[in-house]
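Hello,

Here is the structure I said I would pass on. Please look it over first; my notes on what turned up follow below.

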Amino acid sequence: MSHIDKQTFTPTFTLKDNLDSSNSRNVILEREVAEVLAEIIPPGQQRERDAGSRCIVSLAASSITIQDPRDSQYRRSFCFDYAYWSHSGYVIQDRTGLYLPEEAGGRYADQECVFQDLGQGILENALQGYNATLLAYGQTGSGKSYSMVGYKHNKGLVPKLCERLFKAIKENKEARQCQVFFSMLEIYNEQVVDLLSRGSRPPGGLRVREEQHRGFYVEGLRTVPCDSAAQVEQLMEQGTRTRTTAATHMNANSSRSHMLLVLQLKQILSKESVTKQSNINLVDLAGSERQRSASSEADRLKEGTAINLSLTTLGNVISALADMAVGRKTVHVPYRDSVLTKLLQSALGGNSRTVMIATVSPADICYEESLSTLRYSERAKHIQNRPVVNESPTERLVKELKAENARLMQRLSRLGQDGRSANDETKEIRQLLTHNELQIRTINTLWEKHLQEALKDWEQQYANITQERRLMQMHPYILNINEDAQLSGVVKLFIPAGEWDIGLSEGTPRSISIKGLGIQQRHAVLKNEQRRLTLTPLKGSKVTVNGRAVTQTSELQHLDRLILGSNCTYLYIGFPSERGANDWSRYDYDYFLSELAAAEGIHLGESSTESCQTDPSLLAVFYDYVKLMPLVAEANQMSEELKKGVEFKLEIKNLVLSDSKGNDLEKEIICKVTSKHSKQVWMWSKAKFVNRKFLMEEIYLRHLDEMNGEHTGEGLSSSALPRDKDPFWDPVEPLLLGTAHLWLQSLAFRIPVDEQLEVLGSEGSEEAILQAKLIPCTSDGLPLGEDDILIDPSELLGRRLDVQLVVEQCFGLRWIREARNRGVQIGFSVLDSGGRVYTPAVWHHVNPALRHKVHFASLHVSRHLLDYLQSSAVLLELWGLQDGCTSLVSPLEGARGSTGGIFIIDESGMTNTIPADCIKLNSSLSRLQSDLEEQKRVNNTLMKENQRLRGQLNTATNGGNSAPNRSVRPSCDAEFARSLKRFYHNMTSVRAQLESLRRRRPSESCDLLGLRLYVDERSGLLKDFSEQLEQSVSALKLDVATIVRRKRERSGT
């Protein structure tokens, strides 16, 4: 786990269901309530600090308020029994490294404070004979492990609980005899793994059984007796080592598995002749983001994943129990739907006192996960349990045997006093006495025997630890780095002098065995010679050093980062003389990912220092990208080993795209999936990819079992999956390849537009060149002339506007170049209406001629429409079609290929078609309206002329001959306006020619002669362009000079 400094940003909240036995409310014995805890957690803090995240969570008493970073007015509050804050307000004690409050009475809550409120209650419940359960739930990296286990000297709830438990046992050893058993298991993919087992893992994992009195239990789970907290700590380290190794072998990681620690406490109170037996269940649940992403989007194969089943079922159980607690009708509680909920049945609505810790991060980039966790935990606080004191059946049997022996001895004495001959009966009674005494002796010696066996194991483990520490001081080694910081540094692979093969092979004496996705039998060679260590990748193996792929021999330096195969991450620890005082803990899993991201050009740590105004949602997208990189590498490796022929690649949707007004679109991570054989392409959302990745893991694990001959026969073989059950396949659908903007500003002046537009993909790649036109026209579809161009757009208000949008042709379609069996369509809408118009599908052509024309009209141009034309564009969407998918059809009636219909634009932007039989009537009405407008205009002009003449006449009458008798001359403004119209029209055609010239490129297969012809042709086009531009400018200059000369003449200067 990484070091924490005061500037780091990783606060977490923790919700808990606690039962305080010292509380006077007796109802607490039958109810669980939820509390919230916030604390600084080492894992994940670098992410928030680099992102420059801001805190969106506030704490007041026992209430948590979370603010939507996109809308500061939207806030949600959640109330719990306890709430703690440890994001800020703490200091690090130099001598011990403890995190303590900066000032007395501050709101910072340290680990001891949390234990006093929560852990102490669990301990007292267990000593009273109640079952107790502690559940940790939250987003991966939000602090579950810190709350449960702790960090260095800041011990969490579990080690503190063990210390206080054995301290209480020692203080009360005169009044009671105590026995403690410890077990540790993991649930992954609905399979139970014994983390303390000394044997091999059985196929399918351990089985969960059920007994009437015992409830659900794990058959064959190893329980180890302990008589000190140090032994429990050692067993936890052993289990963690097994968990790490299994995770590497099975391609699992801790955020997708649940871990259960079980402490069984048996107390024999001799004075009261009572035995109490209680179980303390400590549960670290899988990352909450797994459950949220699994349910956030519909997927045809969503219900098939067993990896997500436990968290989903746990949510259903909590919901059902919460409904029952508030008095709703009795509902079915689906305990039996998953292994986790079976084992937690007593903790949820049963015989247990339960605490639920839900950790959340207050960073804005974690808003969705934090809000989901708070909602999930709020439901849990309504659950009601009914715990009872547990009496041991074993002790009850001992008492019954002793009572029976006493009765038998009385019978023997009576027989002897009576003097009757009862040899047979006496013999039978003595046999019963002997049998009962043997049973009592067996029961009493069982604990001592188990304890002796556990002590032998502990001594062996201690010897192994001593041997490991000795080797660490002698040789260089590599140690594992895991997403869960608690599992990092557990596996150490030592490299003595000489040459060593590293890979799957373990049959040779000079081999170092590692397992994982993409690891070959002989993956690489490590050579330790003359105090230099070199790494040589073998043919076909994937080796990454410090974020860069290597294919040749490289010398390793102290603290180099290695990735072998798809995602086996190791840190190289050099020779003892090289180590110095360097602390390797800063090289956590996030550090490895940041190096991989930097190799792809994503420098997350630098973005926030360069600009403190970076959009947090954009940063969150980039962090999602980095987090998904190893999952994509694993999916590609599984596809390769399963011979699926499918390639996965991450992309950022809408990275450079904008809407019709030029505003950035919301960005998100998508996964591009490509079939290497058929060239079919799918675009999966992040949630869908994660869900499919779980399913791929199930198929892959089944494949490994088949390879090892361990397939249980349950489910289909990995090689015999039908296509509709295959997580690597989906039905094909049309794909949005890119967009182009055709700006509408010219329409406000009734000026035609002829553009060659660049169609950009999500990440800025050029997908095609699209030629499109906007032609102002009459209601009959006839183009308007130069005289219809407007100087002032407001002249359109209240009048009719007709426009034809013509999609002429596509050039250089990359989608078709990659596979000729594909097709394309162009889609668009006007005024951002919901209904889109699509051109007919065109197949197999790289430069298809579309020649699709659509007529739009507004009967009365409003101010809203005019503003829209001056600030917006028609967004032309390029859609890709594949074999097997249907063409896109417009939801607007008659939209496809309609040449006899007109789409009317109303205020809301929706479009409706006019049937062809109504066009004639509409055209007549339009002409009448135009004639009326013309008559009004002529009438207004004549009235103004009359007023001007009348004024001049009055001036001549009143002023006599004082004014010069000059004829009235028209204003020069109209002539200047006409000149500008001609120039604008000429420049539009010049611009179109420039765009054509800019897009013209030589063919990729051009030879030298072809290039010369291309250069000559380009020179001719440049000459024509230059001449046309010069003519346009010269004509404008000439017109302006003529107008100025005339104006001077008229003014008499």
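The largest cavity in this predicted model holds about 150 Å³ of space. Its lining is made up of 15 residues, and those closest to the centre are Leu 747, Val 803, Val 830, Phe 856 and Ile 905. By type, the lining residues divide into 14 nonpolar, one polar and no charged. Strand 39 (801–811), strand 43 (849–858) and helix 18 (863–871) each contribute at least two residues to this lining. The count of cavities of 30 Å³ or more comes to seven.

Five strands form an open sheet in the order 25-24-26-27-30, and the pairing is mixed. Strand 25 (511–513) and strand 30 (554–555) are at the edges with a single partner strand each, so one side of each has no neighbour in the sheet. The partner of strand 30 is strand 27 (residues 532–537), and the two pair in the antiparallel sense over two bridges. In this pairing, Leu 535 stands opposite Ser 554 of strand 30.

Last, a helix. Helix 16 covers residues 686–707, which is 22 residues. From first C-alpha to last it reaches 31 Å, close to the 32 Å expected at 1.5 Å a residue. Is helix 16 mostly covered or mostly open? Mostly covered: 18 of its 22 residues are buried. Gly 709 follows helix 16, and its phi is positive, near 70°.

Regards

Methods: Residues numbered from 1 in each chain as written. Predicted model: local features only at pLDDT ≥ 70, side-chain atom pairs only at ≥ 80, totals over all residues. Heavy atoms only, no water. Helix = DSSP H or I, 4+ residues; strand = E, 2+ residues; numbered from the N terminus. Expected span 1.5 Å × (residues − 1). Buried < 20%, exposed > 50% of the residue type's maximum accessible area, 1.4 Å probe, protein only. 1 Å grid on protein atoms, 1.4 Å probe; cavity = no way out; pocket = protein on both sides within 12 Å on 5 of 7 lines; lining within 4 Å. Points joined across faces, edges and corners; volume = space filled by probe spheres on them. Nonpolar A, V, L, I, M, F, W, Y, C, P; charged D, E, K, R; others polar. Pairing = 2+ DSSP bridges.
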